[in-house]
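Subject: Structure handover

Hi,

Here is the structure I promised to pass on. Please open it alongside this note; my findings follow below.

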Amino acid sequence: MRILIDADACPVKEETYKVAARHKVPVVVVSNSAIRVPQSALISRKVVSDAFDAADDWIVENTDAATVVITADILLADRCLKLGASVVAPNGKPFTTSSIGSAIATRAIMADLRAGGDIVGGPPPFAKQDRSRFLSALDEVLVRLLRSSSRT
C-alpha cells in the first residue's frame, strides 16, 4: 500500500505526511518540478517531465487497488478509480465510482460555460474545515485498506 500525491498545487502535503507516518504508509510526491519533501524513509518524490499530463500519466501507471491517490483533478480521479484505487480530494471529499460521473459532468458544464464567455466562479477558497475533513478522510481510507489487507 502507498499514497501518491498529485503534488502541484496540493495544499495538504504536510497533512498527508503526518497521517502516512502514523500508519507507516509510504508516500510518493509526484510533480513536474522539484518539490521539497521531508527527510523520511517513507517519503519520496518523483519528478516527471513538464509534458502535458505527465504527472497524471505516471500516477495512473503506478496505481492499483492498494493505492491512495490525493488529487483535485477529476479526470485523474476517474482514471485511478477505474484501476481500483481510493481517491481523496484535498478538501477531504472522496471520489467514488458512484460520484465521479456527476463530477465529470459538472466539470464539462463549467468548461462549456467558460468557453462561451460566461463568468463563473471557481471553487471556494481552501478552508480550515477542508483541512480537517481531509485528515479524517485520509485516515479513514488508510484504516479501511490496512484492515482489508490484514484479512488477506
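This is a predicted model: local features need pLDDT of at least 70, side-chain atom pairs count only at pLDDT 80 or more; totals for chains, interfaces and linings use all residues.

Which H5 residues are buried? They are Asp-130, Phe-134, Ala-137, Leu-138, Val-141, Leu-142 and Leu-145. An α-helix has 3.6 residues a turn, so residues three or four places apart point the same way. H5 itself covers residues 128-151, 24 residues in total. From first C-alpha to last, H5 reaches 35 Å, close to the 34 Å expected at 1.5 Å a residue.

Next, the cores. The largest nonpolar core has 23 residues. Those with the most contacts inside it are Ile-3, Ile-5, Val-27, Val-29, Val-68, Ile-70 and Leu-138. At least two residues of this core come from each of E1, H1, strand E2 (27-31), E4 and H5. H5 gives the largest share, six residues. Apart from this core lies another, of 21 residues; Leu-4, Cys-80, Ala-85 and Ile-100 are among them. As a general point, nonpolar side chains tend to be buried together in soluble globular proteins.

Val-68 first. Leaving aside neighbours within four places in sequence, Val-68 is in contact with Arg-2, Ile-3, Leu-4, Ser-86, Leu-138, Val-141, Leu-142 and Leu-145.

Then Val-19, which is found in helix H1. Is Val-19 buried or exposed? Its relative accessible area is 1%, under the 20% cut-off, so Val-19 is buried. Again leaving aside neighbours within four places in sequence, Val-19 is in contact with Leu-135, Leu-138, Asp-139 and Leu-142. Val-19 and Ser-98 are 79 residues apart along the chain, and their C-alpha atoms are separated by 26 Å.

Last, a helix pair. How do helix H2 (residues 54-61) and helix H3 (residues 74-81) cross? Their axes come within 9 Å, at a crossing angle of roughly 15 degrees. That angle falls under 35 degrees, so H2 and H3 are roughly parallel to each other. H2 passes H3 in a right-handed crossing. On the H2 side, the contact is made by Asp-56, Asp-57, Ile-59 and Val-60. On the H3 side, Leu-76, Arg-79 and Cys-80 make it. Cys-80 also belongs to the core of 21 residues.

Best wishes

Definitions and conventions: Residues are numbered from 1 along each chain as its sequence is written. Side-chain values use heavy atoms; hydrogens and water are left out. Helices (H or I, at least four residues) and strands (E, at least two) are DSSP runs, numbered from the N terminus. The expected span of a helix is 1.5 Å times one less than its number of residues. Buried means under 20% relative accessible area, exposed over 50%, partly exposed in between (1.4 Å probe, protein chains only). A nonpolar core is a set of buried Ala, Val, Leu, Ile, Met, Phe, Trp, Tyr and Cys residues joined through side-chain atoms within 4.5 Å. Contact means heavy atoms within 4.5 Å. Axes are lines fitted to C-alpha atoms, for helices over the stretch in contact, and angles run from 0 to 180 degrees between N-to-C directions. Angles under 35 degrees count as roughly parallel, over 145 as roughly antiparallel, 65 to 115 as roughly perpendicular and the rest as oblique. A crossing is left-handed if the near helix is turned anticlockwise from the far one by less than a right angle, and right-handed if clockwise.
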